[in-house]
Amino acid sequence: MLSAATLDYKLRPLIPDDVNQLKVLHSQWFPVEYPNSWYDDITRDTERYMTLAAVQDDTIIGLVVTELRQSKSCSPDEIALLDRAQLRDSILTYIMTLGVRPQFRRMGIATVLVKEILSRLKTLPEVKGVYLHVLASNKHAIKFYESLGFGCCEFIPHYYSIMGHFQNAYCYMLYMHDGQPPPSPMQVIIRSLRSVFSYLYTLWIFVYMATKSKIRQHRTISSG
């Protein structure tokens with residue numbers, strides 16, 4: 001049985017010559033219609049998009065498209081995925097599309113593609129997390145991402161609109177480079193209490209030292 005380890009293919013970024021193939025594959029794989037400009041962007045803008053294709057001869061048999069999103073330009077929903085203390089100059093990477101041709105599925109190609117993308121993102125310390133959305137009913141995809149270390153961080157009702165019907169989704173996240181989720185309400189309370197105690201302790205030290213200094217001055221005057 002063929003697998004990603006024995007199959008003859010190579011990995012490379014998407015290039016402008018791939019656009020026609022990409023349009024066909026995305027129309028077959030995903031219930032979303034992407035504008036022509038999007039295909040131009042993902043094959044040309046290498047600073048904003050990190051892409052990878054598994055290619056056999058000149059045929060794309062699998063691909064992944066990710067977008068590197070600067071925290072300063074992220075939406076409130078995206079910002080909510082990360083601890084605010086880590087937002088400055090951070091990047092969140094979104095897995096936009098991941099697909100493999102039907103005849104090459106169950107061979108581990110999708111795993112190779114995602115693992116290679118993650119490996120490359122780990123060389124960028126400003127990347128604090130990688131996230132994606134998945135249909136709540138797609139149990140196979142959920143199991144796949146969980147096997148790669150992604151964790152569910154949010155349930156989103158009616159996130160997708162497919163053929164006129166709303167579908168629920170999960171948001172899955174993988175943190176890296178010490179990236180952390182926002183603190184829970186209890187953690188916020190604990191942090192606040194620590195700040196208060198730290199302030200009170202500092203104030204007590206200041207008062208204590210000031211009082212001690214006044215006592216010394218008083219003794220000096222009295223002895224004089």
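Biologist: Which residues do ring pairs link into a cluster?

Modeller: In this predicted model, ring pairs join Tyr-34, Trp-38 and Tyr-39 into a cluster. The structure holds 10 aromatic pairs.

Biologist: What describes a pair of aromatic rings?

Modeller: The distance of the centres and the angle of the planes describe such a pair. Take Phe-144 and Tyr-145: their rings are 5.0 Å apart centre to centre, with 70° between the planes, and the pair is edge-to-face. Tyr-159 and Tyr-160 have ring centres 4.9 Å apart and planes at 90°, so this pair is edge-to-face.

Biologist: Why is the pair of Tyr-159 and Tyr-160 edge-to-face?

Modeller: Planes over 60 degrees apart count as edge-to-face, and the planes of Tyr-159 and Tyr-160 stand at 90°.

Biologist: Is Phe-144 buried or exposed? And Tyr-159, buried or partly exposed?

Modeller: Buried means under 20% relative accessible area. Phe-144 has 15% relative accessibility, so Phe-144 counts as buried. Tyr-145, at 8%, counts as buried. Tyr-159 has 36% relative accessibility and therefore counts as partly exposed.

Biologist: Where do nonpolar side chains tend to be in soluble globular proteins?

Modeller: They tend to be buried together. Here, the largest nonpolar core has 35 residues, and those that touch the most other members are Leu-98, Ile-109, Leu-121, Tyr-145 and Phe-150. Elements giving two or more residues to this core include strand 2 (49-56), strand 3 (59-70) and strand 7 (165-175). Helix 4 supplies the largest share of this core, 7 residues.

Biologist: Which residues does Leu-121 touch, not counting residues up to four places away in sequence?

Modeller: With that exclusion of residues up to four places away in sequence, Leu-121 touches Met-50, Leu-68, Thr-93, Val-127, Val-130, Met-176 and His-177. There is also a second, separate core of 15 residues, with Leu-14, Tyr-49, Val-55 and Leu-63 among them.

Biologist: How much space lies in the largest pocket, and which residues are the closest to its centre?

Modeller: The largest pocket holds about 1,300 Å³ of space. Its lining has 42 residues, of which Phe-30, Leu-98, Asn-138, Ala-141 and Tyr-145 are the closest to the centre. Among the elements that give two or more residues to the lining are helix 3 (76-79), strand 4 (91-100), helix 5 (139-147) and strand 6 (151-162). Strand 4 gives the largest share, 7 residues.

Terms used. Residues numbered from 1 in each chain as written. Predicted model: local features only at pLDDT ≥ 70, side-chain atom pairs only at ≥ 80, totals over all residues. Heavy atoms only, no water. 1 Å grid on protein atoms, 1.4 Å probe; cavity = no way out; pocket = protein on both sides within 12 Å on 5 of 7 lines; lining within 4 Å. Points joined across faces, edges and corners; volume = space filled by probe spheres on them. Helix = DSSP H or I, 4+ residues; strand = E, 2+ residues; numbered from the N terminus. Phe/Tyr/Trp six-rings, centres within 6.5 Å; stacked < 30°, edge-to-face > 60°. Buried < 20%, exposed > 50% of the residue type's maximum accessible area, 1.4 Å probe, protein only. Core = buried A, V, L, I, M, F, W, Y, C linked by side-chain atoms within 4.5 Å. Contact = heavy atoms within 4.5 Å.
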